[in-house]
Amino acid sequence: MDVGFSMSNSAPGEEPPFELAKKVIQKFVQRQVFAETKDELALVLFGTDSTKNPLDQDGQYQNITIHRHLMMPDFELLEEIQNQIHPESQQADWLDALVVCMDLLQRETKGKKYDRLNIVLLTDLNTGASADHLDVIIENLKKDGITLQFFLPFPVEEDEEGGGDADRRGPSHPGMGKGLSREQKNSMDMMKHIMLSLDEEDGLDQIYTFTNAIEQLCMFKRIERRPMSWPCQLTIGSSLSIRIVGYKAVTEEKLKKLWISVDAQTNKREDLKRETVYCLDDDNETEVQKDDTIQGFRYGSDIVPFSKVDQEQMKYTHDGKCFAVLGFTKQSLVHRHQFIGNQVIKIFAPKDDEEWPCRPSSGRWHELKMVAIVRYAYDRRSNPQVGAAFPCIKQDYECLLYVQLPFTEDLRQFTFPSLENNKKFTPSDTQLSAVDSLIDSMMLVEENENGEQVDMFKVHQLPNPAFQRHFQCLHHRAVSPGTPLPPMEPWLKAALERPEVISERCQAPLEEMRKTFPLTEVEKKKKVKTSVGSVDPARDFRILIKQKSRPFGEVCQQLTHRIEQLLSNKNTQYYMKSITCIQAFREQSIEVKKKKNTLTIFHLRKYIMIGLEVFWDLLVQGTISLFTWDCRISLKSFLP
Amino acid sequence: MAEWNAYYHNEDEEEEQEEGEQSGGDYKVTGRDSLVFLVDASKEMFIKGEDGQPSNFDMTMEVVRSVYTSKIISSHRDLVALVFYGTEQSKNPRNSFKHVYVYHDLDEPGAKRVRDVDGLQGDKGAQLAADTMGSGETSLGDALWCCANLYSDIKLRLSHKRLMIFTCRDDPHGDDSTKDRQARTKASDLKETGVVIDLMHMMKPGGFDVSLFFCDIVSPPEDESELGLQLEPCDKLDDLKKRVRAKEQKKRTMSRLNLCLGKGINVAVGMYATAVMTRKPSAIRLYRETNEPVRSKTRTFHTQTGSLLLPSEIKKAQVYGKKQIVMERDEVDTIKRFDDPGLLLMGFKPMEKLKLHHHIRPAVFLYPEEDEVKGSTCLFSALLMKCREKNVFALCRCISRRNYPPRFVALVPQKEEVDHGKVQITPPGFNAIFLPYADDIRTVDAPQCPVASQMQVNKMKEIVSKLRFKYRSDAFENPVVQQHYRNLEALALDMMAPEDTEDLIMPKVEQIDQRLGPLVQEFKDLVYPNGYNPESKPAAKRKTDTGGGAEKKPKMEVSEDELKAHMQNGTLGKLTVPILKEACKQFGIRTTGTKKQELLDALTARLGS
């Protein structure tokens with residue numbers, strides 16, 4: 001990164017290139033830190049007041065400082081960038097700085113395995129660079145396979161040949177200031193020369209502007225995992241086997257790290273200890289030692305002791321890794337909504353296998369609209385599954401897509417009331433046409449003027465918002481401790497809303513929907529008892545009296561009515577129930593005695609008159625429990 | 001419990017985890033579901049069908065058994081009872097009802113109950129039933145009352161109560177109108193307490209006339225249509241099973257949400273999981289002396305002071321870039337919060353835009369909730385019809401619970417389907433398919449391979465056609481789960497050996513070979529070069545399971561200096577898990593986990609101090 005004095009120059013109201021370049025680096029390092037990639041990173045500053053690099057000799061390679069050697073980025077680096085990197089007052093040759101970087105890469109990658117070496121230069125190109133050894137530099141870059149990226153405060157247009165007239169571009173782009181200086185123009189030519197020498201076709205694509213880069217880097221990196229290959233044999237019967245290799249292609253990715261608990265005071269994990277104790281389910285919660293416990297399982301209501309050893313011995317075992325065809329079936333019989341599990345595996349031919357027949361086996365039978373039903377087992381330790389292998393034909397490859405299907409035990413076959421056969425809910429033609437135009441107005445896939453389909457909302461290109469927010473908050477807390485968590489990033493918020501075009505277009509159809517479909521929220525209220533039911537009249541009676549929502553007399557009437565019903569059944573069971581009703585009646589009558597409500601009970605006499613002798617007997621037998629209350633009504637009043 | 005679970009899962013984290021956690025099946029538990037089988041034990045039930053077809057009683061017992069075993073596996077907390085009516089003998093809690101025989105009280109089904117029901121099947125079973133219960137007078141009213149008592153005697157909270165009457169007699173009381181009336185009264189009592197009464201009526205000569213009596217007994221169908229009563233009586237075991245299965249499982253929403261089409265247009269929908277992976281249950285700990293289950297209590301205390309810590313005295317942390325970042329516990333929750341729970345309509349896309357391989361979790365089913373927002377069903381129904389007609393799906397943002405981050409789902413319309421017996425096989429509604437984010441899609445380089453010739457392709461097509469079969473999603477039982485329960489059953493009942501389970505997902509190799517005949521060789525001749533053996537090459541590459549592997553292992557030891565250097569450079573993560581494990585051993589660090597991060601944390605903690 002160029003920290004020389006010209007990097008602090010900016011037009012009024014514009015952020016100086018230095019600040020922008022710093023932001024680019026910060027964002028980049030943040031992403032690396034949270035993605036926990038094993039990429040290593042070094043930071044070389046040029047234009048520094050001091051000089052600190054191994055090539056510093058005989059006044060060469062001056063004002064270039066290696067701030068950090070090649071290692072994995074961490075928060076320390078982020079803090080240093082935040083606090084220790086300031087604009088300085090010297091200028092240094094950016095080509096010299098490039099050489100220092102190349103030297104650093106060479107020294108510090110010794111003995112390390114790496115995929116790629118890359119140097120990123122952030123500069124305004126405002127120093128005169130000597131073109132002396134340009135060819136040697138290019139040769140070395142090529143030899144070591146080092147790629148280059150430039151980040152500049154201004155854009156570079158491709159059609160410009162060799163540093164044309166600065167005025168032609170005009171000061172339209174922020175960061176351009178009054179146009180480019182001569183040094184900048186020269187440097188630009190050199191830069192282009194280098195980039196095109198490294199990659200004739202697309203070399204210039206690796207030159208970016210600061211502002212552009214900041215936008216691109218605002219997202220945290222998506223979680224990337226190296227796909228693990230799973231070599232196996234696809235078998236059909238006992239004698240046909242085909243070599244295959246599987247890769248997990250789609251799976252619900254989780255954050256790699258879990259939260260750990262720490263002591264709130266010291267923030268130390270070691271200060272906490274979690275302990276699990278076991279206790280009997282008795283009143284004293286008697287603790288028992290872990291060693292005094294054994295393993296068991298529930299079999300319905302039974303609890304079966306079942307030791308690990310026995311379990312290992314008796315458990316289902318199988319031959320391990322397997323991808324065996326059980327048969328082929330019509331694709332239409334395998335329903336998309338019955339896919340289970342949380343992954344899709346792509347099955348290919350092994351790379352090194354020339355004579356691979358999976359192509360005929362995977363490809364082309366899709367013409368039959370058939371899928372293979374297979375037994376799949378990842379390895380000996382994992383449970384076998386049943387699943388479907390769909391042939392997938394793409395322009396540049398063919399493969400099988402494997403998805404797990406449910407077992408009998410997994411299915412919940414719920415039935416739901418029919419919607420079409422129910423007149424109450426059948427939408428009218430007006431309603432249907434309102435939905436029709438709503439759908440038309442909200443189509444996310446459209447044809448553009450070239451007749452190509454454009455999808456304006458691709459979920460599979462959106463980074464998981466939960467991860468983005470998680471890292472945003474973690475980052476905030478790490479660099480600004482003690483401050484509340486920040487609001488969600490505006491770009492993320494916007495990404496989770498309806499595209500603006502759609503929002504606008506659907507306004508009128510939505511208004512129509514509002515008119516044609518009356519929707520009323522049902523008020524949730526507790527079920528209120530309003531009458532004495534037949535199941536437990538005594539309880540209902542008590543509740544109603546307590547609620548006082550109905551006149552006492554009315555409730556008594558209802559109870560009496562129930563008693564009448566019960567007695568009409570002429571059955572001992574019903575008599576008993578009647579007696580509990582009378583009991584409730586008495587108890588409540590006593591409580592509200594001031595109202596002197598005793599009249600209804602006398603109606604009972606009439607039942608006794610109509611010859612319910614058994615009931616009478618029961619009543620009399622029960623008198624002790626029935627009339628041990630502080631009794632205001634004498635037993636005599638019941639007598640005929 | 002955590003470590004016991006871990007015991008069953010893959011131990012080596014270097015290899016990719018095969019099975020992740022399941023998101024579909026978590027319900028909020030509000031109470032127990034209960035189901036009473038009320039079975040007619042009259043002589044008519046025991047009459048065998050033509051050609052040795054099982055009697056109605058036999059079929060019923062078969063169904064009861066299958067419900068018992070499926071409850072044990074998938075919902076052992078549900079309560080089930082088996083009650084006979086029209087018996088000669090009586091047996092019920094207070095013995096207050098004649099001709100009602102409670103065979104199994106309302107309880108969780110267990111091994112013994114399954115055996116009991118087995119004992120009632122076949123000729124022997126019929127004999128046993130005759131000996132113990134006999135057939136006698138019928139009073140459905142008493143039987144229903146007895147069942148009502150079973151429900152009310154339960155001290156647990158019951159969330160769903162269902163009663164199924166199995167009979168082949170449409171007029172159980174003959175001319176006794178008093179008994180009819182009693183039964184009606186009792187049935188309405190039961191219904192009032194929230195018991196749903198279903199009729200599983202079976203074939204009898206002359207047909208079963210529901211309108212004679214039972215129409216007043218059973219609960220009206222949910223949709224207030226006449227569909228329920230138009231059902232023909234069952235004469236096949238499979239049909240009966242299907243009917244019982246359809247009713248037996250309580251539909252329970254995972255959550256109730258608003259589907260928001262635009263400001264103020266909220267349709268209430270319920271979300272249902274229709275396919276949930278059943279796993280082997282986790283083990284429970286028992287006290288060695290008594291075999292009674294023990295409860296585990298986990299507490300967190302301070303290492304130095306030994307005092308128990310309140311939740312407020314604990315914070316949460318993660319380490320990134322060698323820095324520990326600390327948050328309050330409620331901050332951890334708020335990070336996950338994006339919006340209130342609900343479905344937000346983003347727009348529509350043509351069906352072909354839904355990619356087959358965009359699968360990350362089992363789908364859920366959506367059905368309107370008229371009870372929450374009146375008018376929901378009509379709008380939902382209109383949306384369903386139009387989406388089908390236009391062949392589009394609705395793309396929605398879905399926040400399924402409080403503090404759940406958003407996911408996007410494709411709402412795919414599904415038309416109702418019924419089978420020949422008018423039993424619903426596919427319900428009407430939307431299937432919500434969860435879509436992957438960029439993070440969920442891995443870059444896989446597709447290897448190049450030669451194009452197959454038309455001859456080769458045709459040969460494969462022949463093979464495919466030979467092995468055609470009709471796939472049914474309920475055709476395959478899980479051999480692992482089944483074996484586990486057979487084992488438990490054997491132990492619970494002191495059987496000599498567990499019953500055999502058939503592994504239904506094993507390829508029927510002999511049949512396949514036979515069907516293919518010479519096709520295999522013909523295909524091989526067309527495709528493989530002479531002498532090519534597809535099984536030979538990878539064998540050499542494959543890791544050998546036996547002892548030989550040990551020799552090949554690279555040197556695992558790393559010196560302390562090297563480790564420290566790695567730590568300083570932040571490159572500790574570059575070491576492989578076996579090396580890290582070895583290093584932990586070297587320093588005598590006991591690690592509970594096998595996850596790479598845990599090993600790293602442990603080493604960093606040790607070397608850093």
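Guide: Let's start with chain A of this predicted model, where the centres of domain 1 and domain 3, taken over C-alpha atoms, are 57 Å apart. Domain 1 covers 5-157 + 181-218, and domain 3 covers 426-444 + 507-518; such bounds come from an automatic or database domain assignment. Chain A also has domain 2 (226-412), domain 4 (464-498) and domain 5 (537-622).

Before we zoom in, here is how to read the numbers. Residues count from 1 along each chain as its sequence is written, while chains are lettered from A and ligands numbered from 1 in the order in which they are written. Local features need pLDDT of at least 70, side-chain atom pairs count only at pLDDT 80 or more, and totals for chains, interfaces and linings use all residues, with side-chain values based on heavy atoms and with hydrogens and water left out.

Now for our close look: helix α6 of chain A, residues 182-198. Helices are DSSP runs of H or I with at least four residues, strands are runs of E with at least two, and both are numbered from the N terminus. With 17 residues, α6 of chain A reaches 25 Å from its first C-alpha to its last, close to the 24 Å expected at 1.5 Å a residue; the expected span is 1.5 Å times one less than the number of residues. Its buried residues include A:Gln184, A:Ser187, A:Met188, A:Met191 and A:Met195, where buried means under 20% relative accessible area, with a 1.4 Å probe and protein chains only. An α-helix has 3.6 residues a turn, so residues three or four places apart point the same way.

Stepping back, chain A has 20 helices and 20 strands, and 52% of its 640 residues count as buried.

Finally, meet the neighbour. Chain B has 19 helices and 19 strands, and 52% of its 609 residues are buried. The two chains touch through 214 residues from chain A and 237 residues from chain B. About 22400 Å² is buried between chain A and chain B, with 59% given by carbon and sulfur atoms; this is the accessible area (1.4 Å probe) that two parts lose on being put together, summed over both. In chain A, A:Tyr299, A:Arg336 and A:Phe416 lose the most area to chain B, together 4% of what that side buries.

Key. Buried means under 20% relative accessible area, exposed over 50%, partly exposed in between (1.4 Å probe, protein chains only). Contact means heavy atoms within 4.5 Å.
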